[in-house]
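Trainee: I have the model open and would like to go through it with you, one question at a time. Shall we start?

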Amino acid sequence: MSNPVLLALQNVRHSATAPASPEAHAIAHLFWWMLAVGGAIWLLVAATAIRSAFARRGAPGDDGLMRVSAETHTRLQRVVIGATVVTGVILMSFIVFDFSVGRALAAFPAQSLTVDVTGHQWWWQIEYEDPNPSLSVTTANEIHVPVGEPVQFKLASHDVIHSFWVPNMNGKRDLIPGYRSSIWFRADTPGVYRGQCAEFCGLQHAHMAFLVVAQPRAEFTRWLLQQRTSGATPVDSLAVAGQQVFMSGSCALCHTIGGTPAHGTVGPDLTHLASRLELAAGTAPNTRGYLGGWILNPQSMKPRTLMPPNPLQPRQLQALLAYLETLK
Amino acid sequence: MTNADRPLRPEGDVSALPTVVFGSRSLMWWGTLGFMTIEGWSIALLLVAYFYLRQNFVDYPPARTPFPSLLVPTINLGIMLLSFVPAVLVARAAKRLDTAAVKLWLLPFSALGLAILVLRWWELWALNIRWDTNAYGSAAWVLVGFHASLLLLDVGDTIGLTTFFWTRPLPPKALSDAADNSFYWYFTVGIWIPLYLILYLGPRIF
Amino acid sequence: MSAEHSGEHDALIPAPQPPLPARATLPDDLLASEHEHLDALWSDGRGFWAWVTTVNHKSIAKRYIVTAFLMFIAGGLEAGAMRLQLSHPDAGVMGPDRYNQIFTTHGTTMMFLFAVPMMTAMGLYFVPLLVGARNVAFPRLNAFGYWCYLVGVVFLYVSLALNMAPDAGWFSYVPLSGPQYSPGHRIDVWAQLVTFTEIAGLIGAINIIATTFKLRAPGMSLNRIPIFVWSELVVSFMIVFALPAVALGSTFMLGMDRTVSTQFFNPAEGGDALLWQHIFWFFGHPEVYIIFLPGMGMITEIVEVFSRRRVFGYTAIVLANITTGFFAFGLWVHHMFATPIPELGQSLFTAASMVIAIPTAVQIFCWIATLWTGRPRFTTALLFILGFFFTFINGGITGVMLASVAFDKQVHDTFFVVAHLHYVLLGGAVTPLFAAFYFWFPKVTGRMLSERLGKWNFWLFIIGVNVTFFPMHLLGLDGMPRRVYTYLRETGWGPLNALVSAGAVIIVTSVIVFLVNVAISYRRGALAGDNPWGSYGLEWATASPPANYNFLYPVVVRSRHPLWETAVELPVLTGLSTERREVLVTTTVDARPDHRHDDPTASIWPLALALCMAVLWIGSIFSPYVVLWALLISTPVLIMWSRQAMRVTTTERVQRPNGEMVEMAQA
């Protein structure tokens, strides 16, 4: 992967323990605290249990059984009751801590941005709403957000249950057909963060990832403006031929490219395909080689995906790739 | 116990104890209670599903669906309540060890049961909606249908018992079983009453 | 501490005829002749016919245990295949379709075909022995339950061989498992399989409840029953209230959506995808407690015997069992924290999910108190119990963490949960199960398992479980979701996955050691005798293995630890018939002798009816009309079963509700 942004991807741990938003930070704090207390309890109880097996108290009676004096019994009672009470208190504290973190996370601040996410088998449809419909943006599998501003995600599903999860940013939320749900986060550090579908959704659940690219406001605005443009008409003759290949083949049946007759909605919107970092919902980097392989036979990279193979002649493929590379 | 270490000291003799008993003393009664609990709880769960699905509709039954008709269900409810009479009389006769009376009252018990089963078919269609139209139809049909399976089993049991009583010599425990059969019938009819109220009468009230 | 009321003689029990001198014991020649009569009477015969018609609870339970253990191995092999595929990124061992079938079969096998049947089977074998009974309350129903379960096992594995295994997970969420996204019959296999196993489970539960309430030894009042019996009783009640939910959901809702177009889960027609989750988890959460509570009961028995003292806190432990059983029904939404259920509602389930740890903690503290003031003997069984502390508590802690909504939303549906569930199931159920095998194998077979091999078994298991499942916590936190057939190298999950897969090999080795131990010891283990551990329960007052009839005479019980608190002689009651199979039925709370019950003999009809059920549940996925055919063939079978049960055999003493006693030969 030569793309510097993708390199950035490699350097970020996509982990709930590497929070990059206040929400993920809050959850991570809760986790570390529960781990510390829970770990201590585990050590204490396990050690006591093992230790108890090696304790020797006196000798058995005539019948081979151990007897316990009334005094020891009372002491044991106190210890057991005491331990139970302490357990209860610790659990109460967990409940209170969790409740307070939950309340904080549930409060939706005024958002600067709303993104509609629709789950499909096995890709993510992303739309940036705008009161002016001609300014709304449709893309797939890659979400850009401005750093330091809260973003709300409205979640829906086109088919089965999926789940939207970016560990660095926040917990997950399910996309359930028949229901609308939402989640929000505020990315505080610029970077590229990986998300993945987290509810088993069929054959290619394993390859349904997406990227969240957090950029400074100015860069984000530039990206959004670029996304608002429809595809420029290709000038280069190879690219023009490539556009012909696209429009005359089966591609247009499933894909949309703004400003062209292609209006298919079965598959992802390709208007700005070349601006994206990855292909096929995070299955491969977006390079010429992988894109060519994907177009010729998606089944080899993502078996049982809904996109059929496209046996193209090498010249047609080269032209098509040249065209697709213009879709920035 | 062939344990040579443990000599056995007899402290009493149980040979004078009865071998056939009635009611909660008998194992069969407990088995019957167990099945009632399972079936009753299942119906409760189905009812919860019925009410859960209601939140997806503005009206329940949904708009443009006619209310379930009341004629056949009310008649059938009447027959079910009537069937308590032979059921109770069978149970009392059984506890009196009066086989002749048991045989006698089993006949109308079976006949009414059969009538209830037959009418149950029309009760399904009295819902005035198909099971595959929408979730309301599905929930209503499954509730009535599940209860129909209980009816089928219990009426079948009753008819079987009647046939046995009339065609062959039976051991004394058959009387205890006849009493338990009535016990199960009280439940089968009893659980229908709230279902009738909710499914057939309910839409007109709520 | 055996304070309890001494056994007063009930007016209903006359003294033995002819009256024996005070303190006399039964002579050996009488015992020998009793044994001869009862052994023949309670025998179900030999050969294949006897095998398919037996109603002996021990034979049936052994069958259950062996089949369930085979399912444990099958589930383990499926896990092995999964670990091979996940051992490194893009391993290419199998594609997504096969992987989805394998992981679904793994979960379905372990939860439906291994865990619950195994725990029920341990109850069906040991509860009658522990309470001093000769059989379960409904022996023919017991046989029917096993055959239904076996049909389920065969059904699933034939489907797997035919590439028709279910593939939407053991939890089968809609709409993925619905008619639109899972065409074909795979999910129908799942739905009907669930129903078979639920029938078997419910029958087992009814049997255990009735046996525990009505067939206890005279004098064994409810506050004297062994804690393992309490745990099986609580679990049986849980089964009665939990299993119908999944049976209804799978067959009547999902199955019907798929075959006759009901609309339960179709949002376009008012159906609801969350309805499925509620119904499934209303069953699913109690299910895991159904699996692990009997394990807790086993621990109490074993800790008592190998600490050589009576358990500390009998009442507290019983109440803890009951409380856990209740609370388990109030937790299910914690499986749904990522769904759009209102926050406040979710928080209630957080509180409940945390609070349930308290009764479990009470049991653990009582065991530690028992061990601390006892004199432990380090048999393999006790080692496994110590291993339980080490493993289960880890799972308990992660469970409390998962109860937190905020944290759960990060790790829900990741390998963190896989780690948690395996720690609690392997630690909380399988470890005590192994302990129970080592403890009770001598009773079932008459021979001791090798302690040397047992220690290898134990260490390999504990090490294997921790090496396999601990790294999964880290994988989950690092973003690895569940139910993925592969992952990209760039995620960085490769090394930990390789470690996990290596750990799986250790677990497999441990199970092999166990099987070798069983195979060798079955034929050549040291002879056990009746009570090799010096234990206190009534099951140790029988031969090893127990005779057909279990107990020559009903034992009179006056304490919680009968064999520890009687003098050399065992008090018994005479008077049960040697001409026909009789069991003594006692009153529910105090276990006063109530009546003698005629126990069923061998019968082919349970198997026949189970085959009719197979036609019903399997055939109906291909055509709804099969239901009518199934009813048609079931009717004669039910008639024959009833005929066999209604045979006139002998003169009975009938007691009317008003107390009047009448001798009658027929009704």
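Predicted model: local features only at pLDDT ≥ 70, side-chain atom pairs only at ≥ 80, totals over all residues.

Trainee: Which residue stands opposite Pro146(A) in S10(A)?
Mentor: Strands of a sheet pair through backbone hydrogen bonds, either parallel or antiparallel. Here S4(A) and S10(A), residues 209–215, run parallel and are joined by five bridges. In S10(A), the residue opposite Pro146(A) is Gln215(A).

Trainee: What are the edge strands of the open sheet of five strands in chain A?
Mentor: Let's start with the strand order, which is S3-S2-S1-S5-S8 with mixed pairing. Neighbouring strands of this sheet are turned against each other by 25° on average, direction ignored.

Trainee: Moving to chain B, which loop holds Pro61(B)?
Mentor: Another cis peptide bond turns up here, from Tyr60(B) to Pro61(B), with omega near 5°. Pro61(B) belongs to the loop between H1 and H2 (71–95) of chain B.

Trainee: Is Arg64(B) buried or exposed?
Mentor: Arg64(B) is found in the loop between H1 and H2 of chain B. Its phi is positive, about 75°, although Arg64(B) is not a glycine. The relative accessible area of Arg64(B) is 85%, and over 50% counts as exposed, so the word for Arg64(B) is exposed.

Trainee: And is Arg483(C) buried or exposed?
Mentor: Arg483(C) also has a positive phi, about 60°, although it is not a glycine. Its loop runs between H15 (451–477) and H16 of chain C. With 14% relative accessibility, Arg483(C) falls under the 20% cut-off, so Arg483(C) is buried.

Trainee: Are H1(B) and H6(C) parallel or oblique to each other?
Mentor: Two packed helices are described by the angle between their axes and the distance between the axes. For H1(B), residues 27–54, and H6(C), residues 186–214, the axes come within 10 Å and cross at roughly 135°. That makes H1(B), relative to H6(C), oblique.

Trainee: How many residues in the contact of H1(B) with H6(C) are nonpolar, polar and charged?
Mentor: The crossing of H1(B) and H6(C) is right-handed. From H1(B) come Leu27(B), Trp30(B), Gly31(B), Gly34(B), Phe35(B) and Ile38(B), which meet Leu202(C), Ile206(C), Ala210(C), Phe213(C) and Lys214(C) of H6(C). By class, the residues of this contact are eight nonpolar, two polar and one charged.

Trainee: Which residues does Thr195(C) touch, not counting those up to four places away in sequence?
Mentor: Thr195(C) has its place in helix H6 of chain C, and at 5% relative accessibility Thr195(C) counts as buried. Its C-alpha atom is separated by 9.8 Å from that of Phe252(C), 57 residues apart along the chain. The residues that Thr195(C) touches are Ala247(C), Ser250(C), Thr251(C) and Trp617(C).

Trainee: Are H14(C) and H16(C) roughly parallel or roughly perpendicular to each other?
Mentor: The axes of H14(C), residues 415–445, and H16(C), residues 494–524, come within 12 Å and cross at roughly 15°. Angles under 35 degrees count as roughly parallel, so H14(C) and H16(C) are roughly parallel.

Trainee: What is the make-up of the contact of H14(C) with H16(C) by class?
Mentor: H14(C) passes H16(C) in a right-handed crossing. Among the residues making the contact are Phe434(C) and Phe437(C) of H14(C) and Phe514(C) and Asn517(C) of H16(C). The contact of H14(C) with H16(C) has three polar and no charged residues, and the nonpolar ones number seven.

Terms used. Residues numbered from 1 in each chain as written. Chains lettered and ligands numbered in written order. Heavy atoms only, no water. Axes fitted to C-alpha atoms, helices over the stretch in contact; angles between N-to-C directions. Helix = DSSP H or I, 4+ residues; strand = E, 2+ residues; numbered from the N terminus. Parallel < 35°, antiparallel > 145°, perpendicular 65-115°, else oblique. Left-handed = near helix turned anticlockwise from the far one by under 90°. Contact = heavy atoms within 4.5 Å. Nonpolar A, V, L, I, M, F, W, Y, C, P; charged D, E, K, R; others polar. Pairing = 2+ DSSP bridges. Buried < 20%, exposed > 50% of the residue type's maximum accessible area, 1.4 Å probe, protein only.
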